[in-house]
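Please read this note with the sequence and the model open side by side. It is meant for someone who has not seen this structure before.

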Amino acid sequence: MARPEYTEAGGRRIKVPHPDKEMYPGEGITAADVLDHYRAVAPVMLPHLAGRPLTLLRHPDGIGAEGFFQRHAMDYFPEWVPTVVLPKRDGTPAASVVCDDEATLVYLAAHSAIEFHIRPSTVEAIDFPDRLVVDIDPPGGAGDGAPVAALRDVARRVRDLLADLGFTPFLQTTGGRGFHVVAPLDRGEDFRFVRDLAGDLTAHLARADPDLLTVQHRIDKREGRIFLDVNRNGRAQTFAAPYTLRARPGAGVAVPLDWSELGRAVPGGHTIRTIRRRLARKADPWADMDAHAAPAGPARERLDELIGPRRAARSAARRRRLAR
């Protein structure tokens, strides 16, 4: 039986183009199922989206066909979809979508948005991040399957170092291949400061275990090691929003976890078919994240003490060169 082509959300009547279109080939997951997922997770997902410019990964013909990332609002979006005007890299202004309500979330999902990615800052302080993100990524290339036990161990190492620096780390499965470890910040420093801090703390971890870990950006240089990725810590960069679907076979979901769950966790362990059971029994582990916001400045001082005066001096000199 065909699904209706309209739905209601937040007092809005929203058209759903082709609700019976299969979005995950061979898995029986339709556009209407994607829409139902976002309606179900809206109460826990929206607080993490609110006030943050979005990047959407859209697949109008399902994940078996080519998709595209969308950073800016389309002209045909209804006027009630919230937007914020921000400069592009070339300085020209452009409107980005901000999803603060269920109607906007459902509208975007109804128009082929599979993945939702958020910036580590909000529109009220766009140049001052309130999240520091470390993406723990398995090696790239053929035969890249890092044992999940190794990924868990690395997540704990990142957690422990962040805690030593004065942060309260939070954990998320990416719904794909790895884990995110995220520390809430008090917005006291700008992106360059936070990006340098993230880069230096992951480099410190990689130096301690160079056979397992790397901060090398190029896949062909990683040599089978786990990549500690801090590229999410940039003004126009994003990371997978909590509870977003992933455009991968299996329809994995990015899910915040308690640290006590890590011993059993796998990066793609929660899917569109299981997430509602989890939400029925488990509150959002990231619900009080902002209450743990910490300053990055003292963390910088602690890290410099940890890495030693010579490395700290080299790092400071590099930051000064970049700031010129």
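1. Basis. This is a predicted model, in which local features need pLDDT of at least 70, side-chain atom pairs count only at pLDDT 80 or more, and totals for chains, interfaces and linings use all residues. Residues are numbered from 1 along each chain as its sequence is written, and side-chain values use heavy atoms, with hydrogens and water left out.

2. Overall build. The protein chain has seven helices and 16 strands; helices (H or I, at least four residues) and strands (E, at least two) are DSSP runs numbered from the N terminus. A compact globule of 324 residues would have a radius of gyration near 20 Å, and the 20 Å of the protein chain agrees with that. That radius is taken over C-alpha atoms, and the globule rule is 2.2 Å times the number of residues to the power 0.38. The C-alpha trace spans about 70 × 40 × 35 Å along its principal axes.

3. Of the 324 residues, 52% are buried. Buried means under 20% relative accessible area, exposed over 50%, and partly exposed in between (1.4 Å probe, protein chains only). Among contacts with a separation of 6 or more, 69% come from residues 24 or more positions apart, a contact being heavy atoms within 4.5 Å.

4. The six-stranded sheet. This open sheet has mixed pairing and the order E13-E14-E10-E12-E11-E16; two strands pair if DSSP finds at least two bridges between them. Strand E13 (213-214) and strand E16 (255-257) are at the edges with a single partner strand each, so one side of each has no neighbour in the sheet. Helix H3 (residues 148-164) packs on the sheet, and its direction makes about 10° with that of strand E12 (179-184). Axes are lines fitted to C-alpha atoms, for helices over the stretch in contact, with angles from 0 to 180 degrees between N-to-C directions. Helix H4 (residues 191-208) lies across E10, E13 and E14, at about 35° to E10.

5. The four-stranded sheet. Here the order is E6-E5-E9-E15, open and antiparallel. Strand E5 (residues 54-58) pairs with E6 over three bridges, and Leu 57 stands opposite Phe 69. Helix H1 (residues 31-49) touches E5 and strand E9 (113-118), making about 5° with E9. H2 touches E5 and E9 too, but makes about 130° with E9.

6. Aromatic pairs. How many does a search of the whole structure find? There are five. Trp 80 and Tyr 107 have ring centres 5.7 Å apart and planes at 75°, so this pair is edge-to-face. (Rings of Phe, Tyr and Trp, its six-membered ring, pair if their centres lie within 6.5 Å; planes under 30 degrees apart count as stacked, over 60 as edge-to-face and the rest as tilted.) Trp 80 is partly exposed at 23%, whereas Tyr 107 is buried at 8%. Phe 170 and Trp 286 are also edge-to-face, with centres 6.5 Å apart and planes at 80°. Phe 170 and Trp 286 are both buried.

7. Charges over rings. Arg 13 lies over the face of Tyr 6, 3.9 Å from the ring centre. Arg 159 has its charged end over Trp 259, at 5.0 Å. The criterion is NZ of Lys or CZ of Arg within 6 Å of the ring centre and within 35 degrees of the ring normal.
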